[in-house]
Amino acid sequence: MIPVLALVGRPNVGKSTLFNRLTGSRDAIVADFPGLTRDRQYGEATIEGHRCLLIDTGGLSEADHGVDALMAQQSWQAVQEASAVLFMVDARAGLTPTDEWIAKRLRSLGKPFYLVVNKVDGVNVDTMIAEFYRLGVEAIYPITATHGRGIQDLMEAVLGGVAPDEEVLAASDAGIKVTVVGRPNVGKSTLVNRMLGEERVVASDLPGTTRDSIYVPYERNGKQYTLIDTAGVRRRGRVTDAVEKFSIVKTLQAIDDAHVVVLLIDASEGLVDQDMHLMGQVLDS
């Protein structure tokens, strides 16, 4: 499975800049004031032949109310979904109490994280990163996201240390993998159940019933297959629920993991832009 990396940290430490640098895009808006990223942004990166999915998150703070609390909720959801976390701090601002709080929270969640000290251009690196060892990490990765300094070493360490999802691999190593994708409520789960001849996955007229990608071993005419039922993907502007946002990541992983993809379209609505977008994602994979 393609690994998922979440970028987390305080506001304005350079998460979106690093996201854009790694994905080779300008999908994440970057500006020099805190709190700009309030929604999740995800993209694909390829480093030395290794592919990964990146999630750019909003800045974390200890605030427990208003927009900050909603941003934090979705950021921690991204951490839960990720294979590993890039925890970014600001070399020029130094170690802050919020940095220490984030590190403590990451440890409590049990997720592997890599401490990335950004904005080390034009300074004595050893001096600037020394205080961050107080966070109790074995290694620190100094970078300058705007210029690309240190990013190659960082990503080699991260992608070399991310283990494959053994649970998913064990569930999906039998035969040809067929992923069923489409917009919400087009009948993906119903189709999978019909192919299996049993009610294996929950099917409902309510959109969003399927939240994760479900791997189901399947035998037909003596051949082994794995059917993969996925969450519905709608236009990003219409995705407001935090859980649904990360269901999309699982769907993109399932597309990448498949040998064959079935794109299901609602005949009553016809071909729409989101169907074409999904088709493009399949072809790119």
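**View 1. I214 and its partner across the strands.** In this predicted model, I214 stands opposite D229 in β9. Here β8 and β9 (residues 223-229) run antiparallel, paired over seven bridges; strands count as paired if DSSP finds at least two bridges between them. Strands are DSSP runs of E with at least two residues and helices are runs of H or I with at least four, numbered from the N terminus.

**View 2. The open sheet of four strands.** Follow the order β8-β9-β7-β10, where the pairing is mixed. Because β8 (214-220) and β10 (260-264) are at the edges with a single partner strand each, one side of each has no neighbour in the sheet. Helix α7 (residues 188-196) packs on this sheet and touches β7 (176-182), β8, β9 and β10; contact means heavy atoms within 4.5 Å.

**View 3. The largest nonpolar core.** Welcome to a set of 34 residues, with V8, F87, L106, L115 and V117 having the most contacts inside it. Such a core joins buried Ala, Val, Leu, Ile, Met, Phe, Trp, Tyr and Cys residues through side-chain atoms within 4.5 Å, buried being under 20% relative accessible area (1.4 Å probe, protein chains only). The largest share, four residues, comes from α2.

View 4. The chain mean is 80.

**Notes.** Residues are numbered from 1 along each chain as its sequence is written, and side-chain values use heavy atoms, without hydrogens and water. Local features need pLDDT of at least 70 and side-chain atom pairs count only at pLDDT 80 or more, while totals for chains, interfaces and linings use all residues.

Notes:
Buried < 20%, exposed > 50% of the residue type's maximum accessible area, 1.4 Å probe, protein only. pLDDT = per-residue confidence, 0-100. Axes fitted to C-alpha atoms, helices over the stretch in contact; angles between N-to-C directions.
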